[in-house]
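Visitor: I am new to reading protein models. Could you walk me through a few features?

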Amino acid sequence: MNSHPPLTIAIDGPSASGKSTVGELLAQRLGYLYFDTGVMYRAVTCVALSRGIPLTDEEHVARLAEQMQLDVLPPTVNDGRQNTVLADGSDITNALRGSDIDANVSLVSSYRDVRDAMVERQREIAHRGRVVMIGRDIGTVVLPHADLKIYLDGSVECRAERRYKENVARGDQTSYEEILRLMRLRDGLDMGRTTSPLRPAPDAHCVDTTTMSVGDVVAAIEQLLE
């Protein structure tokens with residue numbers, strides 16, 4: 001690969017398009033920090049649900065996002081996780097991929113004050129450089145001047161199948177049909193929201209992962225780096 005790779009790489013895309021797996025592998029290849037910004041919004045959703053905060057109460061949820069202590073660390077447990085997420089000191093990593101989080105995280109992440117609180121933290125990390133950051137608005141909002149922008153996509157049926165297999169491996173018995181329904185709902189919410197809608201940045205390289213293996217996607221990005 002290029003001896004002077006980009007210092008900031010932004011990877012965006014809808015649920016289960018391959019962002020996490022591809023981003024982590026790419027970061028490992030480059031020796032960069034891998035940072036999945038989506039876990040921040042999932043953490044806010046998880047903590048709000050656990051505390052009985054109505055997710056429709058935008059002001060209350062935003063106040064939680066601003067006040068909670070949130071840390072994203074390299075994996076501290078060898079259970080296949082990509083990060084360890086601490087909320088006010090408690091490890092909530094394994095709770096973040098449940099169907100209840102999937103069903104509600106788009107609403108929480110649509111709140112402007114929640115996004116403002118999270119974006120500020122994300123930019124602080126990115127400014128250190130040597131980072132692969134993934135999410136839904138990295139190339140458009142969080143890091144509009146990122147050195148390289150990638151947008152991963154795929155058919156909703158393929159993406160739902162990937163998420164179903166991930167859930168089965170974790171012991172989650174949510175049906176494929178329910179996952180597909182929730183994913184279509186989330187796609188609509190993510191793409192239709194007023195604040196930071198999901199879309200490719202004008203200068204992003206778009207990759208359709210529907211029929212591609214993880215290795216194929218990583219290879220395609222490596223060609224861009226070359």
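Visitor: Which residue is the bridge partner of Ala-87 in strand 5?

Guide: First, the idea: strands are DSSP runs of E with at least two residues, helices are runs of H or I with at least four, and both are numbered from the N terminus. Two strands pair if DSSP finds at least two bridges between them. Here, Ala-87 has Ser-90 as its bridge partner. This is a predicted model, where local features need pLDDT of at least 70, side-chain atom pairs count only at pLDDT 80 or more, and totals for chains, interfaces and linings use all residues. Residues are numbered from 1 along each chain as its sequence is written, and side-chain values use heavy atoms, leaving out hydrogens and water.

Visitor: Over how many bridges do strand 4 and strand 5 pair?

Guide: Strand 4 (residues 84-87) pairs with strand 5 over 2 bridges, in the antiparallel sense. The open sheet has 3 strands, in the order 3-4-5. Strand 3 (70-73) and strand 5 (90-91) are its edges, each pairing on one side only.

Visitor: Is Thr-209 buried or exposed?

Guide: Buried means under 20% relative accessible area, exposed means over 50%, and partly exposed lies in between (1.4 Å probe, protein chains only). Thr-209 counts as buried because its relative accessibility is 2%. Thr-209 sits in the loop between strand 8 (205-208) and helix 9.

Visitor: What does Thr-209 touch?

Guide: Contact means heavy atoms within 4.5 Å. Leaving aside residues up to four places away in sequence, Thr-209 touches Ser-17, Leu-152, Asp-153, Gly-154, Arg-162 and Val-217.

Visitor: Where is Leu-225?

Guide: Leu-225 belongs to helix 9 (residues 214-225). Leu-225 counts as buried because its relative accessibility is 6%.
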